Every structure is written in structure tokens, then in C-alpha cells.
Amino acid sequence: MYARIASFSCGVILLYYSGVIPPSSAWLPAALTGAMVVLLYGVRARSGSLQIVALLLVGFTWAVWHAAERLSVSLPIAAEGEEQVVVGHLCDIPAPGSYGSVRFSLCVHQWQSGTALAPGRDLPRRLRLSWYGDDAMLDLPALMRVTVRLKRPHGAVNPAGFRYESWLFRNNYRATGTVRELQPWLAGDCKLTCAFHSLRRNLAAKLSSGLEGNEHHPLVQALLLGNRGHMTPDHWRVLQATGTIHLVAISGLHIGLIAIGLGLMVRVLLAGLPQHRLAPSRRRALAFAVVVTGSLLYALAAGFTVPTQRAWLMVVMASWLLFRAGRLASGASWLVALGLVLLIDPFAPLDRGFWLSFSAVAMLLLAFSGRLRAPSALTALVMAQSVIFAGLWPMLSVMDQAPATLGWLANLVAIPWLSLVVMPVLVLGALLLALWPSPTLVGMVSQGFDGVLTVLWWWLSLLADWTVPGLSAGLAGAIVAALLVLSLVLVPNRRARLAGVVLLTVWLAPQLLYEEPEGADNVVVPRPELWVFDVGQGLAVMLRHEDKVLLYDTGPETASGYSAAASVLVPSLQKLGVARINTLIISHGDRDHAGGLVPLFDALAVEAVVSGEPKRLQERYPDLVLPNLQHCRPDSVGSLGDVSVTLWQDEVARPTAARPDSNDTSCVAVLGYDDTDVILPGDISSSVEQRFIASGLIAPVAHRILVASHHGSNTSSGTAWVRALQPDAVVYTAGYQHRYGHPHPDVRARFAGAGAAAFNTAYAGALRWRLGGEVPLLSRWRADAPFWIRRPESHWLAVDEPPSD
């Protein structure tokens with residue numbers, strides 16, 4: 001049976017591993033064949049191999065069917081950016097967003113009006129919305145009528161980094177948008193799911209009002225209700241630095257703690273009953289019912305999200321095996337839980353938490369199952385944290401991540417404190433507030449919450465501020481470390497364990513005690529590469545040749561704490577083998593070009609900085625050391641490998657006391673290699689473009705790649721500029737369906753008239769050109785994205801395809 005469960009599970013996972021969804025003409029026959037084999041030969045002892053293959057097909061088809069159904073729901077292209085009127089119910093707890101906005105999810109009951117909505121089309125039933133303006137408020141009605149401007153699911157696609165589009169697909173958001181008008185929907189009927197979300201929202205509101213002024217109110221909301229909307233960027237910084245984000249994500253740890261607490265409570269209560277009053281089987285059944293029901297109530301209070309459902313299902317499985325099913329091998333129970341999760345939720349492989357949670361449980365089972373004698377509590381805690389820390393390292397490496405260096409130490413204290421102190425206090429306090437909400441009791445409970453959470457947060461903040469080198473062993477090193485730690489736990493010989501500890505210490509000590517040298521080597525690239533990253537409404541371009549790297553601008557940064565440098569550039573550059581930036585050029589000081597320098601400098605060595613507005617950079621980052629900071633001058637760089645680098649800045653537009661900082665101060669870069677040049681003009685306007693033309697820096701070349709000035713704004717890319725440059729390719733670095741409307745239709749028309757192939761990072765993802773040879777070779781990162789990520793699109797503008805890799 002277990003081989004069949006494993007086969008079905010592998011079939012589901014195979015779809016997301018391959019990233020390709022086959023046509024229905026292929027998977028429907030496979031589904032029918034697999035189902036027939038299972039039905040006809042399922043009871044025959046000698047049909048095991050055939051049935052395993054059949055269940056692999058069934059699992060694969062099960063995942064394909066659900067994925068295809070989700071992909072069939074879409075917003076028409078023509079409806080993007082147009083006002084639509086929808087009615088529905090609020091289906092999460094609203095949270096504050098950037099720039100004073102409110103973010104929430106709307107489950108649609110009906111599309112009432114709107115343009116470009118074809119009759120009978122399967123339209124999105126779940127929307128992710130943001131409400132901006134003075135009218136935006138967190139206290140939203142349960143049922144609402146909303147006028148919205150929507151766009152199809154979209155996110156940045158780069159070599160590495162968080163993929164918002166994957167998150168939207170996994171959570172079934174088939175459109176996102178902004179609210180234009182919102183009012184209660186009085187004619188609607190708030191049914192079961194609406195009532196559930198309304199009840200949970202009321203619980204969150206009562207908890208907020210009762211804990212007003214509580215220092216750790218955001219953590220209380222996250223741990224009790226799974227509501228992380230009030231957590232600040234500093235919260236996330238501390239949790240990420242200490243590898244403890246899982247503490248505020250309602251998971252198996254939290255629901256398991258509730259289940260254990262309920263089980264102990266039932267055991268104590270039943271111990272007082274005479275044996276003859278309740279048979280042992282009935283005692284186990286009662287304990288099972290209480291544990292499952294109580295943990296379900298907590299999961300519902302936490303929103304019953306997909307990860308929470310998965311955690312509750314695993315608790316149910318563990319409780320059933322413990323109370324009702326007698327003996328079953330621990331590995332078999334893990335496999336059964338895996339199969340059930342994938343059967344109920346075939347989208348689970350898209351979750352990072354799915355892989356980490358099942359891997360962590362597998363490590364614990366491997367370390368503790370089959371032992372003749374249970375270790376002491378302290379020994380068990382150290383063993384558990386060690387095998388989880390080391391065992392998850394290879395999985396994190398596959399995900400292009402590394403474990404937090406101090407994560408082992410942080411969790412060694414945080415998990416028992418959360419388990420034995422924080423969660424019992426929070427749950428008991430919440431029950432007391434629900435039963436006796438008197439002002440005196442509210443104050444006592446609030447102080448208790450603050451007391452236990454202050455200790456936890458003091459410990460995590462202490463470690464987060466402790467500067468230590470990161471762990472960067474690569475996948476092979478992570479596997480070796482995991483095997484070594486597991487052998488220390490599993491091998492009973494003391495001498496072998498001592499030898500393993502010595503080897504592990506000798507290997508890890510240099511990484512922990514010594515920083516990487518400032519001159520850390522970059523991967524050598526024999527042929528120059530031009531990268532234009534997908535950073536939304538902003539700009540970030542990299543040129544590299546041999547072991548030299550030039551980065552032009554760092555993308556946007558928002559007041560909420562988001563920066564493209566941390567989310568896109570750092571993971572992508574590290575994925576590409578970049579450890580050191582030889583020259584960082586910041587064209588000018590606007591936030592969409594100069595954001596996120598702090599996380600960039602924290603992660604990578606930077607040798608020199610050149611900018612059109614160096615003073616403005618110093619004012620924005622007063623605590624950051626900007627090495628060899630220079631003003632933009634023609635010879636500031638000179639060359640990068642065999643690529644010539646010429647910089648230019650308009651003398652008229654240089655910032656002075658009489659002339660404030662502006663786009664026209666941008667440092668323009670001209671990069672030349674072989675018979676190809678690349679022009680990076682920043683945000684200069686058409687008047688400055690004309691002065692650049694007059695500078696004489698434009699030379700005849702066989703191939704020219706141009707990044708459009710100011711993201712394709714109509715204040716730039718004038719007729720004279722387009723005619724003088726005659727680019728072979730023009731790149732627009734604009735946000736998808738952004739309110740600025742870049743690139744402007746007139747700009748697109750001018751470049752189309754000049755015969756330039758046009759590319760927009762919003763529709764193509766990151767772009768890479770390999771320079772040299774007969775023609776530069778282009779790769780678009782969306783072209784190789786998995787099926788749930790939209791492919792490169794040209795409906796926004798006709799595109800002439802150049803040669804591709």
C-alpha cells in the first residue's frame with residue numbers, strides 16, 4: 001500500500017517539478033488508463049509494478065486537472081485597467097499596506113458590470129485588492145459592492161528571488177487590482193464562509209481593542225489568529241536573521257502544541273474517573289475527539305489557510321495513529337500524511353513550507369524512531385534542533401537560500417519558550433478575555449502577554465543584531481553537513497560521534513569566524529553579458545565580462561520596506577555567481593533607481609560608486625559607507641574587462657542651489673564591445689537627449705541596444721533621439737499596468753517606426769544579451785518559466801524576434 005501512496009505522491013510532485021502542463025489530449029488518456037489499471041488489477045498480488053506506474057499517472061493527472069481548471073479562470077486582456085463592478089464578501093482580515101493603503105481579499109459573488117467581459121467566461125472568483133486614499137479603512141463591511149480596476153496575476157520573473165506570480169497562483173488569486181469605490185452590499189446574503197470570515201474579523205478587532213497599547217500586539221495577533229498584517233519590517237528583519245519566521249506562521253508546531261495541551265488535559269480529567277465508568281476504547285475515542293475538535297477550532301481561528309489545513313490534517317493523522325489505530329511504523333504514517341495532503345491539496349508542492357515541514361518531520365522521525373531508550377528532555381531538544389537545522393540545509397540550498405547562521409541557537413531557546421510558556425499564556429489569556437472581558441482582567445492579560453513575548457523578542461533581537469558571516473557551502477557542502485550531523489545522532493559509538501564533532505567544527509569554524517575577503521571572486525564569463533532585470537517600475541542593469549561586474553542602478557524601494565535590491569538583485573546576483581561589484585553606477589537619486597543600497601552592501605562587496613547625484617545619495621544613506629564615491633565623469637570607469645565604459649552627464653542639468661535635483665542629472669553610460677554598443681540614459685528628458693547627441697559620443701555600430709529613457713515616458717525618447725540612435729532593440733523597464741502608463745504609445749510608435757525590436761520587462765521578465773559574435777543573443781526569462789507563470793507577451797506591441805539561445 002505504501003509504495004502505491006508514494007507513487008501517487010510522486011505523480012503529483014512530478015507536474016510541478018517538470019513545470020510543463022501537457023495538453024488534454026495527452027493527460028486524459030493517461031488518466032483513463034491509470035484508473036482502469038487500478039480498478040481492474042488493484043486486488044491482484046502480482047500487479048504491483050503495473051499499479052505503481054498507473055498510480056503515478058493518476059497522481060500526475062490529478063495535479064494536471066486541478067492546475068488546468070485554475071488556469072482556465074482568467075481576466076480578459078481587454079478588461080485590464082478598465083473599471084469593473086463586483087459584489088462579494090470579505091474573505092480575510094484586512095491589513096495595512098504601503099502608502100496608507102489597505103489590502104484585503106474579496107471572494108466574488110457576482111460581476112455586475114464592466115467592459116470586455118464576455119458572456120459565459122469563467123471569471124476570477126477571488127481577488128487581491130488594495131485600497132488607497134483618505135477613505136481607505138480597515139473596518140470593512142462583510143458584504144460589499146466594489147468598483148475596481150483589475151489586472152491579471154503578475155509578478156517579477158528573474159533568475160532568483162520571490163515570485164509573486166507563483167504565490168498568487170498557489171492561493172487562487174486570478175486577478176489583482178485597486179479599489180475605486182467601495183460601499184456595503186445590503187442586498188447580499190452572508191452565508192457560511194462569509195459568516196466565518198466575519199466572525200474571525202470580529203475576533204481580531206476585539207483582540208486589537210483589548211490589547212491597545214500592548215507592545216507586542218502584532219505578535220499576539222500572528223500567534224493567535226494567524227494575522228500578520230500588523231507586523232513591521234523590523235519584525236521580519238529579526239525573524240529572517242534568526243531563522244524563526246516559522247514561529248509566526250501557524251503550522252504544525254502551533255497546532256501540535258494545542259493538540260498536546262488538549263491531550264494532557266483530557267488525560268488528567270480522565271484519570272479521576274473510575275476505570276469501570278469508561279472503557280479504555282471509549283477513553284481513547286473521547287481523547288481523539290477532543291484533540292481533533294480543539295485543534296480544528298484553533299485552525300479555524302487562524303483562518304484555516306492551506307498551510308493550516310495541512311498542519312491540522314497531520315495532527316489528525318498523528319492523533320488517529322496514537323489513539324485508535326494501534327501500531328504503525330513512523331515512516332508509514334509520514335507517507336500516509338503526505339499522500340492525503342497531496343490528494344486534498346495538489347497545489348501543495350508550490351509551497352516552500354510544504355517541503356520544509358515534511359522534510360523537518362522526516363528528520364525527526366529518522367533521529368528518534370526505533371530508539372530503545374528515550375533521551376532526556378535537554379538531549380532531545382538539542383538533537384531535534386541539530387537534525388532539523390542540518391537536514392533542511394540541502395533543501396534550502398535547492399531553493400537558492402541558506403539557513404540563518406544563528407538559527408540553530410535561536411530556535412534552541414525560542415521553541416521551548418514558545419511551546420511551554422508563550423502559547424499556553426496566550427491561549428489561556430484569550431479564553432479569559434472571551435469569558436470575562438472586564439477592564440481589570442484585560443489589563444492583567446495584556447501585561448502577561450507582554451511579559452512572555454518580551455523575553456522571546458529580547459532573545460531574537462539580541463541574536464539578530466549579532467553580526468556573523470553567512471553559511472555558504474553550496475548544495476554539495478550542505479548534503480555533507482546534513483549526513484555528518486545525522487550520523488552523529490544515529491551512530492551509537494561515542495568515539496565516532498566525537499570524531500564527527502571534530503570534523504564538523506573544523507569545517508564550520510572558518511566560515512563562522514572569518515568574513516569573506518573583500519576581493520571575493522566572481523564567476524568568470526568569457527563573453528560579455530548584459531542583464532536588464534525585471535524590477536517593476538524602476539531600473540537595474542548589470543554588465544559583466546570575465547570576472548568584472550558593473551551594476552547600473554538598483555531598482556525601486558518603497559516606504560513599506562520593500563526593495564528590489566533585497567528581493568531581486570541580491571538573490572539573482574548570488575545565483576549568477578556574483579560576489580563583488582567592481583563599479584556601481586547610480587544614475588540619479590530617485591527611489592526607483594537608487595533603492596535598497598543597504599541590503600545590497602550587506603550582501604555583496606562594492607569597490608566603487610559613481611553617481612549623477614552623489615550628494616543626494618549621501619543624504620539618503622548617511623550611515624552607509626559609499627566606497628570611492630565619484631561624480632559622473634567620462635573617465636570615471638574606463639573599461640570593464642574588454643568592454644569600454646564612457647559616462648556622460650549634462651553640464652546644464654547638474655544640480656545647483658538654484659536648480660533642484662531632477663531626472664536630467666542622470667549619469668548616462670555608453671558601453672561598447674566589438675561592433676555593439678549599449679546606451680543606458682537613466683531618466684533624461686528629450687532636451688538633454690539632444691545635447692547628448694551633440695556630444696559626439698554616438699558612433700556607427702552594427703548593433704545597438706538601448707534602454708528607453710525614463711521607462712518610456714513621453715517626456716523622453718524624442719524624434720531626434722530615436723532617429724540619431726536607430727537602435728536594433730529598445731527595452732522598456734516599466735511596471736505592469738502601472739498608473740504612469742509607461743511606455744507611452746507615442747514613444748512606442750516612434751521606435752516602431754525606426755524598426756527597433758521592442759521589449760518590456762513587465763511582459764518578458766529579465767532580459768539577457770550575450771554580446772559579440774554575429775549578433776547579440778537574447779534570452780527572456782519568462783520564456784522558460786513554468787506553466788503557471790505567463791509566457792512573454794507581445795499584444796502590448798508587435799515585436800520582431802531576434803536570434804535566441
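Predicted model: local features only at pLDDT ≥ 70, side-chain atom pairs only at ≥ 80, totals over all residues.
Local features here need pLDDT of at least 70 and side-chain atom pairs count only at pLDDT 80 or more, while totals for chains, interfaces and linings use all residues. Residues are numbered from 1 along each chain as its sequence is written, and side-chain values use heavy atoms, with hydrogens and water left out.

Let's start with the rings. The structure holds 21 aromatic pairs, where rings of Phe, Tyr and Trp (its six-membered ring) pair if their centres lie within 6.5 Å. Planes under 30 degrees apart count as stacked, over 60 as edge-to-face and the rest as tilted. Trp167 and Tyr173 are stacked, because their ring centres are 5.5 Å apart and their planes are at 25°. Ring pairs also link Tyr16, Phe169, Phe347, Phe787 and Trp788 into a cluster.

| Arginine | Ring | Distance to ring centre |
|---|---|---|
| Arg70 | Phe347 | 3.7 Å |
| Arg739 | Tyr740 | 5.0 Å |

Now to helix H9, residues 280-301 (helices are DSSP runs of H or I, at least four residues, numbered from the N terminus). H9 reaches 32 Å from first to last C-alpha, close to the 32 Å expected (1.5 Å times one less than its number of residues). Its buried residues (under 20% relative accessible area, 1.4 Å probe, protein chains only) include Arg283, Phe288 and Tyr298. The buried residues of H9 pack against helices including H5 and H14. Just after H9, Gly303 takes a positive phi of about 100°.

Notes
Lys NZ or Arg CZ within 6 Å of the ring centre and 35° of its normal. Helix = DSSP H or I, 4+ residues; strand = E, 2+ residues; numbered from the N terminus. Buried < 20%, exposed > 50% of the residue type's maximum accessible area, 1.4 Å probe, protein only. Contact = heavy atoms within 4.5 Å.
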